[in-house]
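Subject: Handover of a structure

Dear colleague,

Please find below the structure that I am passing on to you.

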Amino acid sequence: AIDVSTGLDLLRSLVPFQPTTSRTFLPSQTLRVFCRSSWRQKDSAVDVTLTVTGGEHSPPPVHARLEASAPDRMGRRVAVFDQRLNLAGLPPGKYVFTLEARLTKGQPEQRSVPFEVR
């Protein structure tokens, strides 16, 4: 068994806030989309796109080019995407947010998370 306080300390080293497992939200709420990307190539940046699909009034995609940290001693670079997604304006319904990251010569990597606005 893991001590709850020890578990929270381990979690804080990965994300700078308390994540939620809830997938149902009110229009007055804001989602925080956080992703830490790492790679072992010479690329010094990664292109990231956040899209929301599922409703008639989905917000426009958010595009970002994230500059990476200097390579660590293992040759790994790291970049962080940290974006707030305001749900105001989204009518009630089921949605999916997808975060896609792509290096200059790499295949895109993506993660999708379904959620509902009530």
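Predicted model: local features only at pLDDT ≥ 70, side-chain atom pairs only at ≥ 80, totals over all residues.

Residues are numbered from 1 along each chain as its sequence is written, and side-chain values use heavy atoms, with hydrogens and water left out.

Overall fold

The protein chain contains one helix and seven strands; helices (H or I, at least four residues) and strands (E, at least two) are DSSP runs, numbered from the N terminus. Their order from the N terminus is α-β-β-β-β-β-β-β. Of the 118 residues, 25% count as buried, where buried means under 20% relative accessible area, exposed over 50%, and partly exposed in between (1.4 Å probe, protein chains only). Contact means heavy atoms within 4.5 Å. Among contacts between residues at least 6 apart in sequence, 60% join residues at least 24 apart.

Five strands form an open sheet with mixed pairing, in the order 1-7-6-3-4; two strands pair if DSSP finds at least two bridges between them. Strand 1 (24–25) and strand 4 (62–67) are the edge strands, each pairing on one side only. Strand 6 and strand 7 run antiparallel and are joined by nine bridges, and a hairpin of six residues connects strand 6 to strand 7. Between these two strands, glutamate 100 has glutamine 110 as its bridge partner in strand 7, and valine 96 stands opposite proline 114 in strand 7. Strand 6 also pairs with strand 3, in the antiparallel sense, over seven bridges; here valine 52 has phenylalanine 97 of strand 6 as its bridge partner.

Glycine 93 lies in strand 6. Its relative accessibility is 21%, and therefore glycine 93 counts as partly exposed. Glycine 93 and valine 117 are 24 residues apart in sequence, yet 5.4 Å apart in space, C-alpha to C-alpha. Not counting residues up to four places away in sequence, glycine 93 touches Phe115, Glu116 and Val117.

The nonpolar core

A nonpolar core is a set of buried Ala, Val, Leu, Ile, Met, Phe, Trp, Tyr and Cys residues joined through side-chain atoms within 4.5 Å. The largest one has 22 residues, and those with the most contacts inside it are Leu31, Val46, Val48, Phe81, Leu87, Phe97 and Phe115. Two or more residues each come from strand 2 (30–39), strand 3 (45–53), strand 5 (77–86), strand 6 (93–102) and strand 7 (109–117). Leaving aside residues up to four places away in sequence, phenylalanine 115 touches Leu31, Leu87 and Phe97, among others.

The largest pocket

On a 1 Å grid over the protein atoms alone, a pocket is an open set of points where a 1.4 Å probe fits, with protein on both sides within 12 Å along at least five of seven lines; lining residues have an atom within 4 Å of a point. The largest pocket has a volume of about 880 Å³, a volume being the space filled by probe spheres set on the points, which are joined across faces, edges and corners. Its lining has 33 residues, of which Val33, Phe34, Cys35, Phe97 and Leu99 lie nearest the centre. Strand 2, strand 6 and strand 7 each give two or more residues to this lining, and strand 2 provides the largest share, nine residues.

With kind regards
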